[in-house]
Amino acid sequence: MSTAVVVLTRELRVRDHPALVAACETEHVVPLFVIDDVLVRGPDASANRLQFLIGALEDLDGSLRERGAALVVRRGRWVDEIARVARDCGADVVHCSDDVSGYAKGRLDRLREVGAQQGFGVVAHPGITVVPPGALLTGSGTTYRMFTPFYRRWITAMWRRPLRAPKRLSLPPRIDLGSVPTLAALTNVVPSPGLPAGGESAGLARMRAWTAASLAGYAEAHDDVAGDMTSRCSAYLHFGCVSPLEVATRLRGRAGGAEFVRQLCWRDFFHQLLAALPELARHDLAPRGIASGTDDGAFVAWCAGQTGYPLVDAGMRQLQREGFIHNRVRMVVASFLTKDLDVAWQMGAHHFMRLLVDGDLANNQLNWQWVAGTGTDANPNRVFNPIRQSERCDPAGDYIRRYVRELADVDAPMIHDPPDLERARRGYPLKLVDHAEAVAQYRARSAASVSN
Ligand SMILES: Cc1cc2nc3c(=O)[nH]c(=O)nc-3n(C[C@H](O)[C@H](O)[C@H](O)COP(=O)(O)OP(=O)(O)OC[C@H]3O[C@@H](n4cnc5c(N)ncnc54)[C@H](O)[C@@H]3O)c2cc1C
């Protein structure tokens, strides 16, 4: 009797799952999820993502039970737990999906070492991105650092075909299944109240409903922040509840699909970059030598949505309430922190990772660098004007009113920048900095760094 373990990490689905399909070639399969201590106590641990993860694991367990098996759950050190399960069930192979962070690569290397000592092989499969990181290189054989040339190669590259979900799986006899823990068993941090449900079923339902209602208008409407017209599938993609390849393959030929699939390419772009240069999780791709300040008061006000810039505050309060911010507003709040408030992007990125339900090392850290001007943006001095952006992307002020209670009865255009007297009357803060002055100072710092 042969047994394979398939370790699930962030491809929490049964459809288009190369590692799961490969494991199913073996007589018995152990679909294993290890609640890695790092997920619970690591520097980027997040109650919001743990809650979503629990929903995703419960849903996956249901799908596996429909196929004759169940999810096997363990908690502890990832490598140790996998090795123990492999030994207990006599597995000779462990399948898993390749991932991109330095941490994920390091633990896979350690698993391979332990496997070699203990007598099981480790096979890593694609599945986390549309095109595997490293598959597309520039003409000189290097990693792409510019999005547009990467996109041109990516969209014309040969993609693998999405795989069907396995019909049946058979667990080895007498295996201890363990169980999906409650959130309270993992953390005493209270999650945000407005989180989406995790899981493949919820992800597929969300994608189907959104595609029918909004895909065709995506190109025109995606920056309408009050309309909330984007797919909100980022958390489902981060946890692999939906397959990026399946989504891209199905939608690329449909009306509105080209623009949407281009966004999925940004995801692949940042993943291939982090896979090649794992240090980008903390360090700049293109350091500019602009020293960042450490104004804790400004950072605290930014986190709390108390900067006095209504669009910035609405975004930061959406983050607290929903573990999500619209993409356009993410750019505005990140630009405001790094350029107007002169705070290091790493501090903002860390706050985002604590709260974002889609918090993803590649997408988060590299988007932060893009906005801070130390990453892949060809125009690193770009500054988002929080009032102009508010007038453009939330002209009626509906997005601001939804999240900034103090301004609930203020109409546009006043809502974008209320006069001081109106602010005082409503208990809404004065502007923390003057945008024009802050930008002038940023440009001076930037010029000084170039001349040094
Ligand atoms: C400072 C900052 C931090 C960010 N942090 C994250 C993060 O931690 N996790 C994350 O998934 N995205 C992050 N993004 C990218 C983007 O904001 C979100 O992917 C998007 O808002 C998710 O909403 P959606 O699913 O409705 O997007 P849609 O517009 O429907 O896009 C579809 C999908 O394309 C991908 N995508 C879209 N834009 C980007 C982008 N700029 N970079 C990479 N992938 C993209 C996402 O997977 C997204 O779900 C960040 C952007 C900024 C500016």
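Q: Which residue of β5 stands opposite His95?
A: In this predicted model, in which local features need pLDDT of at least 70 and side-chain atom pairs count only at pLDDT 80 or more, while totals for chains, interfaces and linings use all residues, His95 stands opposite Val123 in β5. Residues are numbered from 1 along each chain as its sequence is written.

Q: Why is strand β4 (residues 93-97) called largely enclosed?
A: A residue is buried if 20 or more other C-beta atoms (placed from the backbone) lie within 10 Å of its own, exposed if 12 or fewer do, and partly exposed in between. Four of the five residues of β4 are buried, and the strand is therefore largely enclosed by the rest of the structure.

Q: Why are the buried residues of α11 said to lie on the same side?
A: In helix α11 (residues 244-251), the buried residues are Pro244, Leu245, Val247, Ala248 and Leu251. The arc, taken from the directions from the helix axis to the C-beta atoms, is only 165° for these residues, which puts them on the same side of α11. They pack against α8 (200-214), α10 and α12.

Q: Why does Cys303 count as partly exposed?
A: Cys303, which is found in helix α13, has 18 other C-beta atoms within 10 Å and is therefore partly exposed. Two residues are in contact if their C-beta atoms, placed from the backbone, lie within 7 Å; leaving aside neighbours within four places in sequence, Cys303 is in contact with Met316 and His351.

Q: Why does Gln306 count as partly exposed?
A: Gln306 lies in the loop between α13 (296-304) and α14 (310-322), and with 16 C-beta neighbours inside 10 Å it counts as partly exposed. Not counting residues up to four places away in sequence, Gln306 touches Ala301, Asp313 and Pro429. Gln306 and Leu432 are 126 residues apart in sequence, yet their C-alpha atoms are 8.2 Å apart in space.

Q: Which residues come nearest to the ligand?
A: A residue is near a molecule or strand if its C-beta atom, placed from the backbone, lies within 6 Å of it. Of the 27 residues around the ligand, Thr230, Ser231, Ser234, Asn364 and Asn367 come nearest. Two or more residues of this shell come from each of α10 (234-238), α12 (257-276), α15 (327-340) and α17 (361-372).

Q: What makes up the shell around the ligand by class?
A: With Ala, Val, Leu, Ile, Met, Phe, Trp, Tyr, Cys and Pro taken as nonpolar, Asp, Glu, Lys and Arg as charged, and the others, Gly among them, as polar, the shell has eleven nonpolar, eleven polar and five charged residues. Domain bounds come from an automatic or database domain assignment, and the shell draws at least three residues from each of domain 2 (129-160 + 201-276) and domain 3 (296-451).

Conventions:
Pairing = 2+ DSSP bridges.
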